[in-house]
Amino acid sequence: MRHWRLDDGTGAGVADKKRSYLDTPGYTAFLGVVALWAAASSGNEPYVRVLAGVSAAAAALHLGFVLFRRARDRRSAAGR
């Protein structure tokens, strides 16, 4: 498991916070692929495919926001 240091803005780490794989972009992408696979599968009931499609769209949107925030944070850190 990775350990990340939280920063309170002073440059000193506040505390060590353990992050699990559940809040990583890779896991979000994995959820989106699984939901898209379920939506495209003709073996599932129509309501399952619709809900899986909505879940895939939500995962893709969330992944986009996460990657946008990450890029913005990197740009702001490089500008300091």
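Q: Leaving aside neighbours within four places in sequence, what is threonine 28 in contact with?
A: Threonine 28 is in contact with Ala59, His62 and Leu63. Keep in mind that this is a predicted model.

Q: Where does threonine 28 lie?
A: Threonine 28 lies in helix 1.

Q: And is threonine 28 buried or exposed?
A: Buried. Its relative accessibility is 10%, and the cut-off for buried is under 20%.

Q: How much of the chain counts as buried?
A: Of the 80 residues, 12% count as buried. Threonine 28 is one of the buried residues.

Q: Let's step back. How many helices and strands does the chain have?
A: Two helices and two strands.

Q: What pattern do they follow along the sequence?
A: The pattern is β-β-α-α.

Q: What is the mean pLDDT of the chain?
A: The mean is 81. Of the residues, 76% reach 70 or more.

Q: Which elements have the lowest and the highest mean pLDDT?
A: Strand 1, residues 3-7, has the lowest, at 50. Helix 2, residues 46-78, has the highest, at 92.

Q: How is an aromatic pair described?
A: By the distance between the ring centres and the angle between the planes.

Q: So what are the values for tyrosine 27 and phenylalanine 30?
A: The centres are 6.2 Å apart, and the planes make an angle of 35 degrees.

Q: How accessible are they?
A: Tyrosine 27 is partly exposed, at 24% relative accessibility. Phenylalanine 30 is also partly exposed, with a relative accessible area of 48%.

Q: Which residues form a nonpolar patch on the surface?
A: Phe30, Leu31 and Val34. Together they have about 270 Å² of accessible area.

Q: What about valine 34?
A: Valine 34 is found in helix 1, residues 25-40. At 43% relative accessibility, valine 34 counts as partly exposed.

Q: How far is alanine 40 from alanine 52?
A: Their C-alpha atoms are separated by 8.7 Å. Along the chain, the two are twelve residues apart.

Q: And how far is valine 48 from alanine 38?
A: 7.8 Å, C-alpha to C-alpha. In sequence they are ten residues apart.

Q: Tell me about valine 48 itself.
A: Valine 48 is found in helix 2. At 30% relative accessibility, valine 48 counts as partly exposed.

Q: Last one. Among contacts between residues at least 6 apart in sequence, how many join residues at least 24 apart?
A: Of those contacts, 24% do.

How values were computed:
Residues are numbered from 1 along each chain as its sequence is written. This is a predicted model: local features need pLDDT of at least 70, side-chain atom pairs count only at pLDDT 80 or more; totals for chains, interfaces and linings use all residues. Side-chain values use heavy atoms; hydrogens and water are left out. Patches are made of residues with over 30% relative accessible area and no salt bridge: like charges are joined within 9 Å, nonpolar side chains (Val, Leu, Ile, Met, Phe, Trp, Tyr) within 5 Å. Accessible areas come from the Shrake-Rupley method with a 1.4 Å probe; for residues, only the protein chains shown count as cover. A salt bridge is a side-chain nitrogen of Lys or Arg within 4 Å of a carboxyl oxygen of Asp or Glu. Helices (H or I, at least four residues) and strands (E, at least two) are DSSP runs, numbered from the N terminus. Buried means under 20% relative accessible area, exposed over 50%, partly exposed in between (1.4 Å probe, protein chains only). pLDDT is the predictor's confidence in each residue, from 0 to 100. Contact means heavy atoms within 4.5 Å. Rings of Phe, Tyr and Trp (its six-membered ring) pair if their centres lie within 6.5 Å; planes under 30 degrees apart count as stacked, over 60 as edge-to-face and the rest as tilted.
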